[in-house]
Amino acid sequence: MTTPPASGSVPAPAHEHPPVSPLRYFVVWGGLLALTLTTFGVSKRPMSGQAHLGAAIFIACVKVFLVACFFMHLWGSEGTNKLVFGVSFFFVATMLFFVLADVATRFTLSNSYIRPLPQVDQSILQQQRPLAPEAPAK
Amino acid sequence: MEATSARVMTAEGYLAPPPTPHHYEGNPGAHKHAVRFGMWLFLATEILLFAGLFCGYFVFRADFPEAFDQAARHLSLALGTTNTFLLLTSSLTVALAHHNAEHGHNRNAFWLLVVSIAMGGGFLCIKAVEYTEKFREGALPGRFFSFSEITAPGGPMFYVVYFFATGLHALHVIVGMSLLTWVAVRCWHKEFSPTHYAPVENAGLYWHLVDLVWIFLYPLLYLV
Amino acid sequence: MNDLLNNDLLRLMLFLPEQASTFAVSVDRLHYFVITTTMVASLLVGVTAIYFFFRYRRISETQTTPLVHPTVGFEVAVVSIPLALFLTWFVIGFGDYAKLANPPPDAMDVYVMGKQWMWKFAYPDGPNSVGVLHVPANRPVRLLLTSRDVIHSFFIPAFRLKQDVLPNRYTETWFQATKPGRYQVLCAEYCGTQHSKMWATVIVLAPEAFDAWLKEQQRGLVARADILADPDMVSIQGNLVEQGKRVAMDQGCLRCHSINKAVNDTERHIGPTWLDLYQRPTKLTTGATIIADEAYLTESMMEPNVKIVFGYQPIMPSYQGKLSGPDAAAVVEYIKSLRSDASELQPVKGPLYEQLRQ
Amino acid sequence: MSSSASSPPATANSAPAISPGHYTFPEHHYLNNGKTVRSWLLTLDHKRIALLYLSVVLVSFLLGGIFAMVIRIELLTPGPTIIEALTYNRMFTLHGVVMIFLFMIPAIPAVFGNFFLPIMIGAKDVAFPRWNLVSFYLYLFGAILAVWGMVNGGTDTGWTFYTPYSTTTAQGVLPVLLGVFVIGFSSILTGLNFIVTVHTLRAPGITWFKLPLFIWAIYATAIIQVLATPVIGLVAMLLSAESAFGFGFFDPARGGDPVLFQHLFWFYSHPAVYIMVLPAMGVISETVAAYSRKNVFGYGMIAASSLGIAFVGFFAWGHHLFTSGQSAFDAGAFAVISMLVGVFTAIKVFNWVGTLYKGAIAFTAPFAYICGFLFFLVFGGMTGVALATVSLDIHWQDTYFVIAHFHFIMVGAVIMGFLAGLHYWFPKMFGRTYHEGWSLVAAALIVLGFNATFIPQFLLGNAGMPRRYYEYPERFQALNVASTAGASLLAFGFIIIAIYLGFALLYGPVAGPNPWGSRGYEWMTPSPPPTENFDVTPSYEHPPHDYTDDAVDDPGFAPARTT
């Protein structure tokens, strides 16, 4: 269970960021461009579909972390903002996890709608049950 | 926010900050925290709004892998990457604008915001080019799909996800640009000062969020 | 404890229908356990509240009360007892559900098709029927369910069985009936105005009676188009006509040849209609009239431009090499079965939406 | 000295005697601070916005109740009784949407949350007063659009809009979805407002662990409102796109997946049921402590379990999909998590009963609703956990058992909580008290009528009567007739409440600042409170509901009324 948010009592008035030099923004910007080029390069290398997906998502997460922490000043801001950002991504992850787990572990024939309705793939049925001999070969 | 004209120009070349609202007086820091915290909560709702779309993307990608591969190859990579570059750079300029506004340099902030809005406009133009190209090709979602080059079943499903996700994102870009324009006008009137820069910060946060969503959309739709 | 759980008193008190399947027996056993614990818990809470109410009723308006905080033991008990209770329910419940989700391999398959406001059943190599499902007792029966239009739900209260029926997708469930008899099937997912009338009946026969019934049903099948045959029914590989129909759809013959009466004579398809074509005298472009028999039908499939029916263009592609022998024969069988007088098939109207493969 | 609890006349130790004329009505307060219609319609005062919400919410409740009565009358006979199939299908859709989106979700958070959140934490107003007014007008516009859409468009899909029926049916579904989308925005804004208010506007002296439990409940509800509502916004957009342009997101013929719709829909709708029940639990925590003059037993546990329900409630949506083609793995995972939510509710119930221990309990109408609430929450909650047991759910899904379960929680728990809150805070909101005798009669009628309506529906569910049935097999008629009889009793109870509360609004005896002698923080201001909530900001040494010896004569609270 979540404990009450970390911010405790009201923060000190006139909360000022530590003096931030514009240089930091350019460094972060450079990092983001570099990451975009890497994800572009990675997508060109021959890998399995899943690996491509995993790499792309990982690089995207790193970029999101950079933008959120420095451009959106999440790094120095109050705990509650960080908590809100973290919890919303956690809920997105749970929604994706459960829905994709459902699609992945469904009844084998149930994803058969990518094949038109009339033809039930007899091979799947045969795996599970020997058909009566007189059924003509498909 | 009272009308800017009612407020007097201070020595440092920007307007006096507006008084803290009546139910916050005695604690301006709490009001500043409240405004920023409120904006972050709103950003959480935007993140969850797009979560449903990503859910749809992954489900249909699991159901129609070949169709998604073929369709992804038909998207023009050049336009997608330039769009990513545009949004990232506009995020930079918005961050710089916020930095300048925080130090009271209203005119610098104004020009930086103008550049960001221009880049947003560029993004939308590129998107428009891509859309017209797809309308001509017939690569449209649902029953309007008549794109011959995609033979795998579920071809239209990619374009359902593509058009809905990029369409909703483009809508958010438009809202973001209008927010930035509204804040740019107030920059022109030299309204912001070290103690009063919340509007620039919130418009910046919204723009960065729109950039975040595109950071996820770009690899998933164009690269993978 | 065991006889209390199995006798009928609790079942009648809870208005439960009779237990006619193995799954029903185990579900009801868990049901009695859950309902009794719920009753006991709510009674306990109610009685303690009423007792506290009388014992600590207010004496005066400004009465002060001590500051009472729960001991750690109370907090642990209040978390662990309900959690233990609910997890036991979960373990028993999910155990039964796991058995339901994995049908035994020797189960007999039956295809169930839900269609707006009726249930159709089809045996893989036997008859199909509307609204009535014959099943053997004491033998596992696996249902492969699908729907023609919207989501329905196949619900047999007596078997404690329910499974949603999704269009364009198969869902699976199974049961093993224990008592012969007639049990009502209801649709449990809202599907339109007649949702409350979408009923069917499951007739459980003794195993031998069922085998006899099935043999009798299959005997007459190939001889005549089964009056209830539904062309878009799930594939019946035993039936040649069906296979012909499927091949014709796949090869795209039906795009040019229509199989039902032309709505009005002026509306002509690209190719001649197949309805009542077999044994019909047809005039050719050369002026000669021939009888459209099997030879002509097979020949015009392989070399279409040799004999062209008067008034049609020679644009039919040749199927030489594309159609194997048995497939061609099946198509001919199918054309032979298309007699407007013989088949009482409902007019073949496609599903409410276009098929996936344009 | 014992006196029967149910006798209405006031005796020494039953209901606190509220003698008329003991107090004078304060001359300036939020009600008469500006008499013009414009001052009411464009108000920024959270208390007035709460009253605006209260009026629209009560009208929605009346509408929903009428639709419910029509359904119950129609089900008197197995065949057609008063309306034909299509109208019946529209009726249960109207009943569902109006009750859930227009009454249950906004009722307690928007009315009592708006009114008492700032007062209870010693603030002058909510964090963003203007957004609060925008939220009300979004709700009003969304409500009108939804009701007009359903009546004019003839939507008959039920409040769940399952595809592909909802997108391929001839009945118009577009305006209802836009209405729901707009109401979703209003819910997000209210939730956002409350979270920021609790974080930034607490009066000095009120730490996180001195917050009244009602605030904890509203805070947890606000978290759900903010994080879950966007998903229904997206679902409404997707459904509109699909029914208007045939996008094929959820349409299986075009490759879409109807089960994906159910996942996205229930990802919002299950937390939504916690949006409805958590505020009612907050009201009960307050009223139990007030009417038994005792500190809440296990304050930390109740607060933590509110947050627990809000957090875990997000992972339990799959128990609505057990029979809908979901995989066995997901069914198991969702079932286990649903059990956790059941445990949090059990913690709360045991702590409320613990609060009665060593208390000084006065039997009043709100307390009757608390007793009803406790029993129905235990019974409804445990049948809910039974429904989450996968194998039982196979039989119960989509039958009247499910309808009985969620009405036990929605009518039994939430509306009882709403009535308890309405009666408990009526003096504070309007400055007058209601007639004690009639309120007890109405409470008895409502508890009795509720039991007679929904216990038969549990049995109907067991017997296997599916939900949304216009015509049903003969064997279910007896129970349906019993249920309809109960429903009319319930309706009659609500009418009596409307009468005596309406009467008390204008002619009720003047209630002093603290008629119940309660030690909740909201009783520190005069009733009805001034626009700025407090003439002088009170000091908060004692935690809320502290009735020990030194706390009772805390200067912040006016003395309890005596005969």
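Tutor: Two residues are in contact if their C-beta atoms, placed from the backbone, lie within 7 Å. Helices are DSSP runs of H or I with at least four residues, strands are runs of E with at least two, and both are numbered from the N terminus. This is a predicted model, in which local features need pLDDT of at least 70 and side-chain atom pairs count only at pLDDT 80 or more, while totals for chains, interfaces and linings use all residues. Residues are numbered from 1 along each chain as its sequence is written, and chains are lettered from A and ligands numbered from 1 in the order in which they are written.

The part to look at is in chain B, where helix α1 (residues 28–63) packs with helix α6 (residues 198–223). On the α1(B) side, the residues that meet α6(B) are Lys32(B), Val35(B), Arg36(B), Met39(B), Leu43(B), Glu46(B), Phe50(B), Phe54(B) and Tyr57(B). Facing them in α6(B) are Ala198(B), Glu201(B), Asn202(B), Leu205(B), Leu209(B), Val213(B), Phe216(B) and Leu220(B). Sorted by class, this contact has 12 nonpolar, 1 polar and 4 charged residues. Here Ala, Val, Leu, Ile, Met, Phe, Trp, Tyr, Cys and Pro count as nonpolar, Asp, Glu, Lys and Arg as charged, and the others, Gly among them, as polar.

Next comes the geometry. The axes of α1(B) and α6(B) are 10 Å apart, and the packing angle is about 15°. That angle makes α1(B) roughly parallel to α6(B). Axes are lines fitted to C-alpha atoms, for helices over the stretch in contact, with angles from 0 to 180 degrees between N-to-C directions. Under 35 degrees counts as roughly parallel, over 145 as roughly antiparallel, 65 to 115 as roughly perpendicular, and the rest as oblique. The crossing of α1(B) and α6(B) is right-handed. A crossing is right-handed if the near helix is turned clockwise from the far one by less than a right angle, and left-handed if anticlockwise.

Chain B also holds helix α5 (residues 155–188), with 34 residues. From its first C-alpha to its last, α5(B) reaches 49 Å, close to the 50 Å expected at 1.5 Å a residue. The expected span is 1.5 Å times one less than the number of residues. Just after α5(B), Lys190(B) takes a positive phi of about 55°.

A second pair of helices can be set beside the first. In chain D, the axes of helix α8 (residues 258–291) and helix α11 (residues 365–388) come within 10 Å and cross at roughly 125°. That makes α8(D) oblique to α11(D), and their crossing is left-handed. Ile284(D), Thr287(D), Val288(D) and Tyr291(D) in α8(D) meet Pro366(D), Phe367(D), Ile370(D) and Phe373(D) in α11(D). By class, that contact has 7 nonpolar, 1 polar and no charged residues.

Some loops hold backbone features worth a look. Most residues other than glycine have a negative phi, and most peptide bonds are trans. Phe161(D) is not a glycine, yet its phi is positive, about 50°. It lies in the loop between α4 and α5 of chain D, and Phe161(D) is buried, with 24 other C-beta atoms within 10 Å. A residue is buried if 20 or more other C-beta atoms, placed from the backbone, lie within 10 Å of its own, exposed if 12 or fewer, and partly exposed in between. Pro164(D) lies in the loop between α4 (129–153) and α5 (165–168) of chain D, and the peptide bond to it from Thr163(D) is cis, with omega near -10°. The bond from Ser527(D) to Pro528(D) is also cis, with omega near 0°. In chain C, Asn168(C) has a positive phi near 65° and is buried, with 27 other C-beta atoms within 10 Å.

Contact also joins separate chains. Between chain C and chain D, it takes 79 residues from chain C and 83 residues from chain D. On the side of chain C, α4(C) gives the most, with 16 residues. That side divides into 47 nonpolar, 20 polar and 12 charged residues.
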